[in-house]
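Trainee: I would like to learn how to read a structure feature by feature, beginning with the aromatic rings. Could you take me through it slowly?

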Amino acid sequence: MDQELLNSISGYTSKLLRKNFGKGPQSCQSSISGNLLVIYIRGFISPMEEVLINQGQRIEVERARTFVINHLLEELKGMIEVSLDREIEGFYHDWNFPNNSGAVIFILNEMERDISYVDPTVDIPQLEKEIARISYLVQKVPDQVKVFPISSTIYLVERIGILVRIEQSLIQKGFEEELRIAKDELEKSYLHRYGKFHEIFNKQVRDIFVAWNLKDDKSMIAFILH
């Protein structure tokens, strides 16, 4: 993949964020492998969001940002489809307010021809097992766990079939947003507290992002490494 093209996607993302929030990120980095495009964003909290977070209104900030970001990503989606000449089938996004960072993941309709990144020192089966173990502590072992190495510092893990029956019932009754907020706090705390990812990656983990497609019973975890 042409690095100049990835840089243009990063630059366009920064401009969109600045246009919609009045403040652009300190850095924005795009990476692609297979049919997955990841945009890692650092240093992006608007002055208004910072005030609200300091007043204990983080959940309200997350809800407002999700609404704006979903609208913004529709515009970014069009630019990426034109630039890459490939359609986007879906996207995930998540934000780590304590680290002032975020990740956006686009799922493309066909595979990139470049060879996917491979690090022989990372035990992929062990990573799959560790994700299954942590998932079990919080809810249940996923029906499927798939690992996608994107670069030396980015790994994605897709989980399929993660919802238990009570969660499915809550979604049907219209409590999807409340469930998402509860799962976000719980899963991230377990991943950080009980995960043995430093030993698996042989690197320090800088960020962990978790996002869900609750309607399709899927989740995507992004590991950002030092």
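Mentor: Please keep in mind throughout that this is a predicted model. When the whole structure is searched for aromatic pairs, eight of them are found.

Trainee: How are the rings of Tyr155 and Phe201 placed, stacked, tilted or edge-to-face?

Mentor: For a pair of rings, planes under 30 degrees apart count as stacked and those over 60 as edge-to-face, with the rest called tilted. The ring centres of Tyr155 and Phe201 are 5.0 Å apart and the planes stand at 50°, so this pair is tilted.

Trainee: Is Tyr155 buried or exposed, and is Phe201 buried or exposed?

Mentor: A residue counts as buried when its relative accessible area is under 20%, and as exposed when that value is over 50%. Tyr155 has a relative accessible area of 1%, so it is buried, and Phe201, at 1% relative accessibility, is buried as well.

Trainee: How are the rings of Tyr190 and Tyr194 arranged?

Mentor: Their centres lie 5.0 Å apart with the planes at 50°, and therefore the pair formed by Tyr190 and Tyr194 is tilted. Both residues are in helix α6, four residues apart, which is about one turn of the helix. Tyr190 is partly exposed, with a relative accessible area of 23%, and Tyr194 is also partly exposed, at 37%.

Trainee: How does one look for empty space in a structure?

Mentor: The general idea is that rolling a probe the size of a water molecule over the atoms shows where empty space is left. In this structure, the search finds one cavity of 30 Å³ or more, and the volume of the largest cavity is about 40 Å³. Its lining consists of Ile131, Ile134, Ser135, Val138, Arg159, Glu187, Leu191 and Ile221. The elements that give two or more residues to this lining are α4 (124–138) and α6, and α4 gives the most, with four residues.

Trainee: What is the volume of the largest pocket, and which residues lie nearest its centre?

Mentor: The largest pocket has a volume of about 760 Å³. Of the 33 residues that line it, Tyr92, His93, Arg180, Ala211 and Trp212 lie nearest its centre. Strand β3 gives the most to the lining, with seven residues, and by class the lining holds 14 nonpolar, six polar and 13 charged residues.

Note on methods:
Residues numbered from 1 in each chain as written. Predicted model: local features only at pLDDT ≥ 70, side-chain atom pairs only at ≥ 80, totals over all residues. Heavy atoms only, no water. 1 Å grid on protein atoms, 1.4 Å probe; cavity = no way out; pocket = protein on both sides within 12 Å on 5 of 7 lines; lining within 4 Å. Points joined across faces, edges and corners; volume = space filled by probe spheres on them. Nonpolar A, V, L, I, M, F, W, Y, C, P; charged D, E, K, R; others polar. Phe/Tyr/Trp six-rings, centres within 6.5 Å; stacked < 30°, edge-to-face > 60°. Buried < 20%, exposed > 50% of the residue type's maximum accessible area, 1.4 Å probe, protein only.
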